[in-house]
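Have a look at the model first, then read on.

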Amino acid sequence: MSVIEGWIAGPEVHLIPVPGGAMLYDSSRVANAESGWLDEAWWARRGTLTVPSEGRGNAHFIDVDGRQFVLRHYRRGGIIARLSPDRYLWRGEERTRSFREWQLLYQLLRQRLPVPTPIAAGYRRDGRTYSAALLIDRIPEAQSVHAHLRQAALPIHLWVAIGRCLRRFHERGVCHADLNARNILIDRAERVWVIDFDRSSIRTPGWWCDANLARLHRSLRKLIVDLPEERFTTADWHCLLDGYFSGQVE
């Protein structure tokens, strides 16, 4: 079965039916796909599933055959979650949360942006609603800025690197829907990554770039309320902005 018409995808991308829905997967990354890949219980029965220390509980780590993945089940937040924790209004296959994020990651990876590699995405429909899940490669030996700051302050060069990284995304029109300290990772080699592109989009660069940065700043300020002041200072933020505005975009 071919992928959704109008999507940017190579011959390695396949769309297959699963009970109650469908699943996308990249055959160049994995072979012999099956619907259980997007089911936490399926992995748990095989003893390969763990819950990460960070996050809202909608993500799980998978360690199998020497490879590491992250499985994320889409869940609602806020008050509406009390009524429907993981069901979304059906508006067509191409508009499911998982397929949209998978396709965006696929595009960004082809542009050599530092994002997780998308492996599989799927949905299960029940009448007018659906649930969804996404499977991605885990970025090895990486920790969020949030986790880093809870342990120690970041050196100046990493704030500059974060700014330069964000500029790369904005130059390509990537509007992250929830840019915060948990969604920016730094690996052992001090490379900066951005994750969690649910509800994100490609736009013409504009006012939203400043709004993205403001959202990140609020996230960082909120984080240090119960931490020593030196963990995140005004000077740190200015270093990030210096990296963003003066950094050479690759």
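The charged end of Arg46 sits over the ring of Trp42, 3.6 Å from the ring centre; for such a placement, CZ of Arg or NZ of Lys must be within 6 Å of the ring centre and within 35 degrees of the ring normal. This is a predicted model, in which local features need pLDDT of at least 70 and side-chain atom pairs count only at pLDDT 80 or more, while totals for chains, interfaces and linings use all residues. Residues are numbered from 1 along each chain as its sequence is written, and side-chain values use heavy atoms, with hydrogens and water left out.

**Charge over a ring**

- Arg138 lies over the face of Phe61, at 3.7 Å from the ring centre.

**Aromatic pairs**

- A search of the whole structure finds ten aromatic pairs. Rings of Phe, Tyr and Trp (its six-membered ring) pair if their centres lie within 6.5 Å, and planes under 30 degrees apart count as stacked, over 60 as edge-to-face and the rest as tilted.
- Tyr88 and Tyr130 form a tilted pair, because their ring centres are 5.8 Å apart and their planes are at 35°.
- Tyr88 belongs to strand β6 (residues 88-89) and Tyr130 to strand β8 (residues 129-137), so this pair ties together parts that are 42 residues apart in sequence. Helices (H or I, at least four residues) and strands (E, at least two) are DSSP runs, numbered from the N terminus.
- Both Tyr88 and Tyr130 are buried, where buried means under 20% relative accessible area, exposed over 50%, and partly exposed in between (1.4 Å probe, protein chains only).
- The rings of Trp90 and Tyr123 have centres 5.1 Å apart and planes at 45°, so the pair is tilted.
- That pair links distant parts of the chain, with Trp90 in the loop between β6 and α2 (97-110) and Tyr123 in strand β7 (residues 118-126), 33 residues apart.
- Tyr123 counts as buried because its relative accessibility is 8%.
- One aromatic cluster is made up of Tyr88, Trp90, Phe99, Tyr123 and Tyr130.

**Nonpolar cores**

- The largest nonpolar core has 58 residues, of which Val145, Trp159 and Ile162 touch the most other members. Such a core is a set of buried Ala, Val, Leu, Ile, Met, Phe, Trp, Tyr and Cys residues joined through side-chain atoms within 4.5 Å.
- Helix α4 (residues 156-171) gives the largest share of this core, seven residues.
- Ile162 touches Val145, Leu154, Ile184, Ile186, Val192 and Leu240, not counting residues up to four places away in sequence; contact means heavy atoms within 4.5 Å.
- Another core, of 17 residues, lies apart from the largest one, and Trp42, Trp43, Phe69 and Leu71 are among its members.

**Helices α4 and α5**

- α4 and helix α5 (residues 207-223) pack at an angle of about 145°, with their axes 11 Å apart. Axes are lines fitted to C-alpha atoms, for helices over the stretch in contact, and angles run from 0 to 180 degrees between N-to-C directions.
- From α4, Trp159, Leu166 and His170 meet Trp208, Cys209, Asn212, Leu213, Leu216 and Leu220 in α5.
- Asn212 counts as buried because its relative accessibility is 5%.
- Not counting residues up to four places away in sequence, Asn212 touches His170, Val174, Cys175, His176 and Leu179.

**Around Gln151**

- Gln151 lies in helix α3 (residues 145-151) and counts as exposed because its relative accessibility is 52%.
- Gln151 touches Gln143 and Arg231, not counting residues up to four places away in sequence.
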